[in-house]
Amino acid sequence: MMAKREEELKEIRTKSTEELNEEIVDLKGELFMLRLQRSARNEFKSSEFRRMRKRIARMLTVKREREMEEGINKRLSRKLDRKWKKSIVPRPPPSLKKLQEEEAAAEAKESSA
């Protein structure tokens, strides 16, 4: 278990800050989709909540470590976070995009038959 976590941290640390930000946004979207599935009483894996939250936390930790290396204090970090959050363009999470593509392919198949 520890080795898996260490591998994940190594993988996260190799990514650039921009890539981290993109993945954080995607994972938060996925987490939102899981919450919607839970509220609609659809089938889902409850372990996914914890796994995604932990992965997001690890990414945010690595992001903060980089800020500390650059000498960015906590107050400025929060200010930058607010700017970053305002700059995020809402987009559907990858799982929803995949679902929409599958539905579009099924419709195209039905219309051509």
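Axes are lines fitted to C-alpha atoms, for helices over the stretch in contact, and angles run from 0 to 180 degrees between N-to-C directions. The legends below refer to a predicted model.

**Figure 1. Close-up of helix 2 (residues 17-39) in the predicted model.** Helix 2 comprises 23 residues and spans 33 Å from its first C-alpha to its last, close to the 33 Å expected at 1.5 Å a residue. Just after helix 2, Arg-41 adopts a positive phi of about 60°.

**Figure 2. Packing of helix 2 against helix 3 (residues 47-70).** The two axes come within 10 Å and cross at roughly 155°. Angles over 145 degrees count as roughly antiparallel, and helix 2 and helix 3 are therefore roughly antiparallel to each other. Helix 2 passes helix 3 in a left-handed crossing. On the helix 2 side, the contact is formed by Thr-17, Leu-20, Asn-21, Glu-23, Ile-24, Leu-27, Lys-28, Glu-30, Leu-31, Leu-34, Arg-35 and Arg-38. Their partners in helix 3 are Glu-48, Phe-49, Met-52, Arg-53, Arg-55, Ile-56, Met-59, Leu-60, Val-62, Lys-63 and Arg-66. By class, this contact of helix 2 with helix 3 holds 11 nonpolar, two polar and 10 charged residues.

**Figure 3. Crossing of helix 2 and helix 5 (residues 94-112).** The axes of helix 2 and helix 5 come within 8 Å and cross at roughly 70°. Because angles of 65 to 115 degrees count as roughly perpendicular, helix 2 and helix 5 are described as roughly perpendicular to each other. Asp-26, Glu-30 and Met-33 of helix 2 make the contact with Pro-94, Ser-95 and Leu-96 of helix 5. The residues of this contact divide into three nonpolar, one polar and two charged. Glu-30 also takes part in the contact of helix 2 with helix 3.

**Figure 4. Packing of helix 3 against helix 4 (residues 74-87).** Helix 3 and helix 4 pack at an angle of about 125°, with their axes 11 Å apart. This angle makes helix 3 oblique to helix 4. The crossing of the two helices is right-handed. Lys-63, Arg-64 and Glu-67 in helix 3 meet Lys-74, Ser-77, Asp-81 and Trp-84 in helix 4. By class, the contact of helix 3 with helix 4 has one nonpolar, one polar and five charged residues.

How values were computed. Residues numbered from 1 in each chain as written. Predicted model: local features only at pLDDT ≥ 70, side-chain atom pairs only at ≥ 80, totals over all residues. Heavy atoms only, no water. Helix = DSSP H or I, 4+ residues; strand = E, 2+ residues; numbered from the N terminus. Parallel < 35°, antiparallel > 145°, perpendicular 65-115°, else oblique. Left-handed = near helix turned anticlockwise from the far one by under 90°. Contact = heavy atoms within 4.5 Å. Nonpolar A, V, L, I, M, F, W, Y, C, P; charged D, E, K, R; others polar. Expected span 1.5 Å × (residues − 1).
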